[in-house]
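Please keep the sequence and the coordinates open while reading.

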Amino acid sequence: MTIGVSIDGVLVPAGEARVPVFDRGFLYGDSVYEVIRTYGLAPFATTPHLDRLAASAERTALRIPWSDARMEEEIGRVVQASRGGDEDDPEGAPWNRGERSIRVVVTRGSGEMGLDPGLASDPMVVLLALPLRGPPLSAYRKGVPTWPVGGPGGPRRGGDPSAKTGEHLFHVLAVREARAHDAHEALLVDGSGYVTEGASSNVFAVRGGVLETPPLGAGILAGVTRALVVGIARDLGIPVQERPLPLSALEGADEAFLTSTVREVLPVVRVGDRAIGRGEPGPVTGRLHAAFRERAGGHESGKAPPRG
Ligand code: PDD
């Protein structure tokens, strides 16, 4: 099957899956979501993801109609429905082979047309289990280019960056700009010139042996992978500082990397036109990814990603 779809707890063939045109998620981006991934087809870090979904719902005054236990059960069902039919991806990272990413979307539901959230009372839950398409293995070996977007006088993002909502146009256009420059990810730069996060990732720099990442107060999503990597770094004795990251500091860093559910720990070797360090993945990034791999498991668990 490879793709599993569940709408309000009913499994639907992917080709027949439809949502109502009056759904407020479709009309207004009036929804919250999470992306969870599997290792060995078991959902990973479900609890922090569901906690963040609840926090996003709270911030947007949206009701999650299911308990966490029901959500976990339905996630298990949609993953089960998606099993099999995988095509081999020779470029893919081995730890992603046969795995799924699970998109959990809760919209405010349908109602009479109008912005007033009181017009809808029945939230809709859509679960998608899709073949996990992570960066190719070569991206981990060689690192990826990124492109800074925004900055003083640049376009401003709207909404609450700490809530994971369906409203994504700013991020879509940021990624468009990054792709126009052949970059893997857009780095969002705020009006004061600080890098906050990637369009769908958190950002880290290594300077003088210290791991730096913008604090939650900088206007970022509290990444599940970010928190795991900060914990791993502390366990390894690598000093961590959560502090605002000026674009110039990132450009002058010894190493940089991105974290996200789908990317794990992905080395960054360019920011705009500037090479980071020697323009190749750095040793601290490699250590952190190797330690993350050991904890996460999946195929070839415990093996450090090949680099260089
Ligand atoms: N996005 N920052 C933003 C803006 C994100 O959208 C994401 C993840 C992250 C990283 O968070 P985590 O480590 O919990 O995945 C940071 C998901 C994966 C997405 O939209 O696809």
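**Salt bridges, spaces and surface**

Arg243 has a relative accessible area of 34%, so this residue counts as partly exposed. The model is a predicted one, and each value given here is computed from it. The side chain of Arg243 meets that of Glu212 in a salt bridge, with an N to O distance of 2.6 Å. The two residues come from distant parts of the chain: Glu212 is in strand β11 (residues 210–213), while Arg243 is in the loop between β12 (240–242) and β13 (245–246), 31 residues apart. Glu212 has a relative accessibility of 3% and therefore counts as buried, since buried means under 20% relative accessible area. Elsewhere, Arg24, Asp30 and Arg108 belong to one network, joined by salt bridges that share partners.

How many salt bridges does the structure hold? The number is 17. One of them is formed by the side chains of Glu264 and Arg37, at 4.0 Å from N to O. Glu264 and Arg37 are both buried. A further salt bridge joins the side chains of Arg263 and Glu185, with 3.6 Å from N to O. Because Arg263 lies in the loop between β14 and β15 and Glu185 in strand β8 (residues 185–189), the pair ties together parts 78 residues apart in sequence. Arg263 is buried, as is Glu185.

Searching the whole structure gives two cavities of 30 Å³ or more. The largest cavity holds about 50 Å³ of space. Arg37 and Glu264 are among the residues that line this cavity, and the rest of its lining is made up of Phe44, Ala45, His49, Val224, Thr225, Leu228, Ser260, Thr261 and Phe292. By class, the lining of the largest cavity consists of five nonpolar, four polar and two charged residues. Helix α6 supplies the largest share of this lining, with three residues.

The largest pocket contains about 1,100 Å³ of space. Its lining is made up of 43 residues, and those nearest the centre of the pocket are Tyr33, Val35, Lys164, Ala199 and Ser200. Which elements each supply at least two residues of the lining of the largest pocket? They are β3 (31–39), α2 (46–59), β5 (100–107), β6 (124–131), α5 (169–180), β9 (194–198), α6 (224–235) and β14 (255–260). Helix α5 gives the most to this lining, with four residues. Of the residues lining the largest pocket, 14 are nonpolar, 18 are polar and 11 are charged.

The last stop is the surface. Val21, Phe22, Phe26, Leu27 and Met113 form a nonpolar patch there, and together these residues have about 510 Å² of accessible area. Val21 is placed in the loop between β2 (10–12) and α1 (24–28). Is Val21 buried or exposed? Its relative accessibility is 54%, so Val21 counts as exposed, because the term applies over 50% relative accessible area.

Definitions and conventions
Residues are numbered from 1 along each chain as its sequence is written. This is a predicted model: local features need pLDDT of at least 70, side-chain atom pairs count only at pLDDT 80 or more; totals for chains, interfaces and linings use all residues. Side-chain values use heavy atoms; hydrogens and water are left out. Patches are made of residues with over 30% relative accessible area and no salt bridge: like charges are joined within 9 Å, nonpolar side chains (Val, Leu, Ile, Met, Phe, Trp, Tyr) within 5 Å. Accessible areas come from the Shrake-Rupley method with a 1.4 Å probe; for residues, only the protein chains shown count as cover. Buried means under 20% relative accessible area, exposed over 50%, partly exposed in between (1.4 Å probe, protein chains only). On a 1 Å grid over the protein atoms alone, a cavity is a set of points where a 1.4 Å probe fits but cannot get out, and a pocket is an open set with protein on both sides within 12 Å along at least five of seven lines; lining residues have an atom within 4 Å of a point. Grid points are joined across faces, edges and corners, and a volume is the space filled by probe spheres set on the points. Ala, Val, Leu, Ile, Met, Phe, Trp, Tyr, Cys and Pro count as nonpolar, Asp, Glu, Lys and Arg as charged, and the others, Gly among them, as polar.
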